[in-house]
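Please examine the structure shown below. The paragraphs that follow lead through its strands, domains, core and ligand surroundings.

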Amino acid sequence: MRDFAAELEQRREAGLYRVRRQMSGPHQPLLTADGDPVLAFCSNDYLGLASHPELVAAATSGLDEHGLGGASSHLICGHHGEHHRLEDKLAAFTRRSGALFFSTGYMANVGVITALAGKGDTIFSDALNHASIIDGCRLSGASVRIYPHGDTATLAEQLAATEGHKLVVTDGVFSMDGDIAPLRELATLCRRHDALLVVDDAHGFGCIGPQGRGAVLEAGLTEDNVPLVVGTLGKAFGTSGAFVAGPPLLLDYLVQKARSYIYTTAMPPALATASCRSVELVEQDEHRRTHLTRLINRFRSEAATMGYDLMPSATPIQPIMIGDPREAIRLSGELEKRGLLVTAIRPPTVPHGESRLRVTFSASHTDEQLDQLLAALRESAPKIVADRALSSV
Ligand code: PMP
């Protein structure tokens, strides 16, 4: 038998071993992790809606009215009126003809990509795309061409040199770097080369664009230029589930062919009830985005002054680049001793040599909580900055 224990030990030695922390209490910046109180700067609850009383109330009334279990897949007898109501809301929110509710963003990406591309087709995928896109590409059986991150010139060459059906897929906001894909250039290239463009804006919806309608609308693009967008409800929307939005023809095709849509139990209808309310809050409550932007800007200017290496990101994802995975773990541990939870992100989630602390902000963070993070970073800065200088010599 393969020596699994030895493999795990190697991981540990390389600083790549992953651990699960046990949280308790509702998700908000002040959490209990393995029994200790911590202030978290690592969740994707960007608008602070995950424990919002109105969403909890909506879910509770949904439970009372519709019960708990999804009971069946959508195409057997699980497609509930509440799922349908949510799809209509999401279509209106994204300014698209329709939307299809998936159980998770992971499943949405896998479903869309495997349904729309197969043997004989070619998928073009950004080098920093999310794991669910990578897995969709692998499962599809299509040829996959990875283009360097955001490099539209290389993508143009690849598209020009390829025959047959082409699908281009990209994160909207990149999950580990926080930057935004060059969506306008991608849309132009896809039109020129007759390729279908799919944008997964899991981290953009709720945070970016007019009333949080996402990076595609922020770039001035519509369903005509970007036929399909994928979004998750598990981040800024504060609930769970995901959606694909676009023209009826493609959504119908997905209902027929996306295996991760067809062969799984529908999400509890009450969750869709809560998500409907969440879409309304995301649209209406501009003050959350305003506060979030202020926090992000303050963090960036102060952390840069301390000498930290930040990424060109204007989104709630603000990685502090470290490099070595063991160093990233060490800094994460140091912050934790000061009561702060900021997860170290290491390969294979990010490329080798690019381990980092993925700091994320939420509208539910207060200015005082940001002060606490900055104070802890200020104490750790001299060592991190000096180590970085040494390693670059
Ligand atoms: N796409 C991106 C870009 C993501 O970052 C994630 C989650 N980390 C997903 C898809 C998956 O979404 P979900 O958590 O709803 O499965």
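**Strands, domains, core and ligand shell**

S3 and strand S12 (residues 340–341) are paired in the parallel sense over 2 bridges; two strands pair if DSSP finds at least two bridges between them. Helices (H or I, at least four residues) and strands (E, at least two) are DSSP runs, numbered from the N terminus. Within this pairing, Ala 40 has Leu 341 of S12 as its bridge partner. The model is predicted, and local features need pLDDT of at least 70, side-chain atom pairs count only at pLDDT 80 or more, while totals for chains, interfaces and linings use all residues. Residues are numbered from 1 along each chain as its sequence is written.

Strand S3 (residues 36–40) also pairs with strand S2 (residues 30–33), in the antiparallel sense and over 4 bridges. Here Leu 31 stands opposite Val 38 in S3. The hairpin of S2 and S3 has 2 residues between the strands, and in this hairpin Asp 34 takes a positive phi near 50°.

The domain assignment divides the chain into domain 1 (21–47 + 286–391) and domain 2 (53–284); such bounds come from an automatic or database domain assignment. The C-alpha centres of domain 1 and domain 2 are 27 Å apart. Between them, 18 residues of domain 1 are in contact with 16 residues of domain 2, contact being defined as C-beta atoms, placed from the backbone, within 7 Å. On the side of domain 1 that touches domain 2, the elements giving two or more residues are helix H13 (286–305) and strand S11 (317–323). The largest share of that side, 3 residues, comes from S11.

Attention now turns to the core. The largest nonpolar core has 113 residues, of which Val 112, Phe 243 and Val 244 touch the most other members. A nonpolar core is a set of buried Ala, Val, Leu, Ile, Met, Phe, Trp, Tyr and Cys residues joined through C-beta atoms within 7 Å, and a residue is buried if 20 or more other C-beta atoms lie within 10 Å of its own, with C-beta atoms placed from the backbone. H5 supplies the largest share of this core, 8 residues. Both domain 1 and domain 2 contribute at least three residues each to this core. Not counting residues up to four places away in sequence, Val 244 touches, among others, Phe 102, Ala 108, Val 112 and Leu 254.

Helix H5 (residues 105–116) also gives the most to the shell around the ligand, with 3 residues. Of the 14 residues around the ligand, Thr 104, Gly 105, His 130, Ser 175 and Thr 232 come nearest; a residue is near a molecule if its C-beta atom, placed from the backbone, lies within 6 Å of it.

Definitions and conventions. Buried ≥ 20, exposed ≤ 12 C-beta atoms within 10 Å, placed from the backbone. Contact = placed C-beta atoms within 7 Å.
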